[in-house]
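I am opening my notebook on this structure and will write down what I looked up, one topic at a time.

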Amino acid sequence: MKAIRRFTVRAVLPAQLSALDELAANLRWSWHEPTQRLFRDIAPHLWDRQHRDSQGRDPIALLGEVVPERLDELAADSEFIARAEALRDDLRRYLSEPRWYQSLEGPTPDTIAYFSPEFGIAAALPQYSGGLGILAGDHLKSASDLGVPIVGVGLFYRAGYFRQSISRDGWQQESYPVLDPDGLPMRVLRNPDGSAAQVTLALPEGRALVARIWKLDVGRVPLLLLDTDIPDNDESLRGVTDRLYGGGGEHRLLQELLLGIGGSRAVKLFTGLTGRAPAEVFHTNEGHAGFQGLDRINDLVSQGLAFPEALRAVRAGTVFTTHTPVPAGIDRFEAGLVARYFATDLLPGVDVADVLALGAEDYDGGVAETFNMAVMGLRLAQRANGVSKLHGEVSRGMFGALWPGFDADDVPIGSVTNGVHAPTWTDQRVRALAAETFGDDDSTRVDWSDEQRLGDAAIWGLRRDLREQLVDDARARVGAAWDEENPGIGRPVWHRSLLDPDVLTIGFARRVPTYKRLTLMLHDPERLRALLTHPERPVQLVIAGKSHPADDEGKRLIQRLVDFSREADVRERIVFLPNYDIAMAQKLYPGTDIWLNNPLRPLEACGTSGMKAALNGSLNLSILDGWWNEYYDDRNGWAIPSADSAGDAAERDALEAAAMYDLIEHQIAPRFYERDGAGVPQKWVSDIRHTLATLSPELSADRMLRQYVEGLYLPAARAERTIADTRYRPARELAAWTARVAEAWPQVHVAHVESGGVDATPQVGEELQVRAFVELGELTADDVAVELVHGRAREGDQLGDVERVPLEFVAHELGAPATYTGTVRFTRAGSFGYTVRVVPRHALLASPAELGLVAIA
Ligand SMILES: *Cc1c(COP(=O)(O)O)cnc(C)c1O
């Protein structure tokens, strides 16, 4: 019989064990190994079963399941109690002591709101589908470790993302186990009178969407998740937060309205209720939460600001991170649908037309009647970034049409390369080795290159242990999947020899959108077969990945792989593991010798799985895309050359697949199997050392967080404080100035440029003097900056390697153009070209391109 409802009754712990409650309630356990060990010791078999369950590890569920006799036993075990209390004290210290952020000079914001549609924190909370969510989870965890005062904001999806199984004919099956909040470390946010704190959004036809707010503690960082599954909503509205990326169109819009507008209101409620400082900086992880800016504009309008003034103020404190160079990855809605939702009391201070203008694709190449969430994100944020250097560059090109007249490198989108939370993603064995050898378990900090203290054999021994751990985990998963698909039928004998802990192991796991090319390795099945079955230097492959439920193409790719992996001669050497999730990933990355990534360059914005592999001493084999494009150095792995100039996609696949096979066959396998007298592959181990020593600190999310704080959050907070001063007077002035400059701009132009100071054939070291005459129309010299732009003249007189020199204002006489002068010294030989440009200038602008206005000679 099936239950119609289920919930978890929380265990009442004996008073002596109260420390466990505190430890279970804070998700810090998910990256704190000593706390995990404590919970494991309560009921090892339950803890280990949870690891492979789709439910995931969760101390609260564990305490609910363990038999009362065991709890009584522990309550009488003074050693256990002392351990639990020491860990609780350690947690309390972690939550209150000053950390990196507290050592920063000057005024720093006390609250930073961080919005994301998904958060990947622990397997027990399947509120993520892939890299975007895992990154958001890692962002919060590192913020906690560094003491950065972030408040996370998202949605609580009752069924999360789906659980994957594979049918007998290799087809992906999805199921949606419903989560039980009572069994998870989350509590409803409450008003002082005990009632649930709620946010309400007005909807068309006089309806309203109500959500309660769950609060989770991710170390020091509170995470607020909005949930519409409450009796205040009718049946259809209860389902708004049913699934992550479950629906399209209107369902999706409702989720994003809730995430943005509801999320903004939830933050205000939370800071109000807890006496915390209101948020000053607002960071949106991708465009989904973009409506949060409109809610803040609405607040300012109710304080008496006009829309353009409020827009300037809101932009100052907003940071937008774009995550995809794939146009299909961007959320877009029919403008009419968006209009219908804003023609209500949803945001009474904001006109529908102003909303639509923010998301309009009213630029070259845009589509009419479309509302683009990323475009709105960029227009609502004064600071924006991509997630690797290459992705920043690609984004400047992709969104360049929003700043017409500016070169791609002027487009105000920077980059912060992603990182991964090292304590979550570094295997305990690696940390233990660091602790034993160097007395510090922070593997991103120790000197892995110290051969005196750490011998090759120890590193190689570690790698074997990690490989063996993966082999065991893979066998257990394959066995469990078999039992589920074939109830009552014994497991095949060959399962026992599935994978080999001494064979070169290549891992590949990720979501399955086309650009990631899950099946590139199958391009030449016979060549793959030969690699897998090589008599002396065999290779084995561990693969995992989920296809979006609506993507049959992706499911066909999985099916092809699964079919191949079932062929009798290779099935012990290639395996597809169902239900890729955090728990699997934590064993998979460390256990692989080679982490493979073969996206179509440059469509992988960053990619983080390879980073997690590297933190454990795996070497990467990857297309030079995303993070690998900036970190590959010839000793930390291999680069698959991308055949960018191939005639078509098929040719490109063929060339890149061939290059991949060649690298594995001729470089990787020989190096792995070339052993010294002690059975250690010396060159390989030295590459591992190099990888751990050089990449660990760089790939850590702590590095990323510091860059966000120093490069984006602090400047945004300063800008926000400046513009909000004296009841937003600077915002009003900036808005008025912006309107005046925009109106006068058509008259601004470079009338004439003169140059001198060099002979007919200029030489290196000489100086070029430039005098520019600029027509300012209604503007004054204070309103503009005039710049000499110079560089190498390329084909069609295009300037490359551009530099800009400000020209100095000389004079402006009534009725005549203003005069500007400056000089530039030739520092290199070769072709040289220059031009002069005029851009608006104002102390509150963060970039000369900000207003999208420019006049070029
Ligand atoms: C890290 C991670 C991802 C993202 O990996 P990419 O390399 O960015 O594709 C996806 N899923 C899980 C479970 C992860 O841990």
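In which order do the strands of the open sheet that holds β21 and β25 lie, and with what pairing? I found four strands in the order β21-β22-β26-β25, with antiparallel pairing. I noted that this is a predicted model, in which local features need pLDDT of at least 70 and side-chain atom pairs count only at pLDDT 80 or more, while totals for chains, interfaces and linings use all residues. Residues are numbered from 1 along each chain as its sequence is written.

**Entry 1: two open sheets**

For the terms, I wrote down that strands (E, at least two residues) and helices (H or I, at least four residues) are DSSP runs numbered from the N terminus, and that two strands pair if DSSP finds at least two bridges between them. In the sheet of my opening question, β21 (749–756) and β25 (808–811) are the edge strands, each pairing on one side only. The twist in this sheet averages 30° from one strand to the next, where axes are lines fitted to C-alpha atoms and angles run from 0 to 180 degrees between N-to-C directions. I then followed β21 to its partner β22 (residues 767–775), and found seven bridges in the antiparallel sense, with E754 standing opposite R771 in β22.

I also looked up another open sheet of four strands, which has the order β24-β23-β27-β28 and antiparallel pairing. Here β24 (799–806) and β28 (855–856) each have a single partner strand, so one side of each is left without a neighbour in the sheet. Six bridges join β23 (residues 784–793) to β24, and A793 stands opposite L799 in β24.

**Entry 2: the shell around the ligand**

Which residues are around the ligand? I listed G130, G131, I134, R510, Y580, D581, I582, A585, G607, T608, S609 and K612, where a residue is near if its C-beta atom, placed from the backbone, lies within 6 Å of the molecule. By class there are four nonpolar, five polar and three charged residues; Ala, Val, Leu, Ile, Met, Phe, Trp, Tyr, Cys and Pro count as nonpolar, Asp, Glu, Lys and Arg as charged, and the others, Gly among them, as polar. The helices α7 (131–146), α21 (582–591) and α22 each supply at least two residues of this shell. The shell lies between domain 2 (108–419 + 708–725) and domain 3 (427–699), because both give residues to it; the domain bounds come from an automatic or database domain assignment.

Is K612 buried or exposed? K612 is buried, because 25 other C-beta atoms lie within 10 Å; the cut-offs are 20 or more for buried, 12 or fewer for exposed, and partly exposed in between, with C-beta atoms placed from the backbone.

**Entry 3: covered elements**

For α21 I found that ten of the ten residues are buried, so this helix is largely enclosed by the rest of the structure. Strand β19 (residues 619–623) is mostly covered too, with five of its five residues buried: L619, L621 and I623 point one way, and N620 and S622 the other way. β19 pairs with β18 in the parallel sense over four bridges, and N620 is the bridge partner of W595.

**Entry 4: backbone exceptions**

Most residues other than glycine have a negative phi, and most peptide bonds are trans. Against this background I noted E205, whose phi is near 60°, in the loop between β6 (198–202) and β7 (208–218). E205 counts as exposed because it has 6 C-beta neighbours inside 10 Å. T726 has a positive phi of about 40° and lies in helix α26 (residues 701–744); T726 also counts as exposed, with 8 C-beta neighbours inside 10 Å. Where is the cis peptide bond that I looked up? The cis bond runs from R601 to P602, with omega near 0°, and P602 lies in the loop between β18 (594–597) and α22 (609–615).
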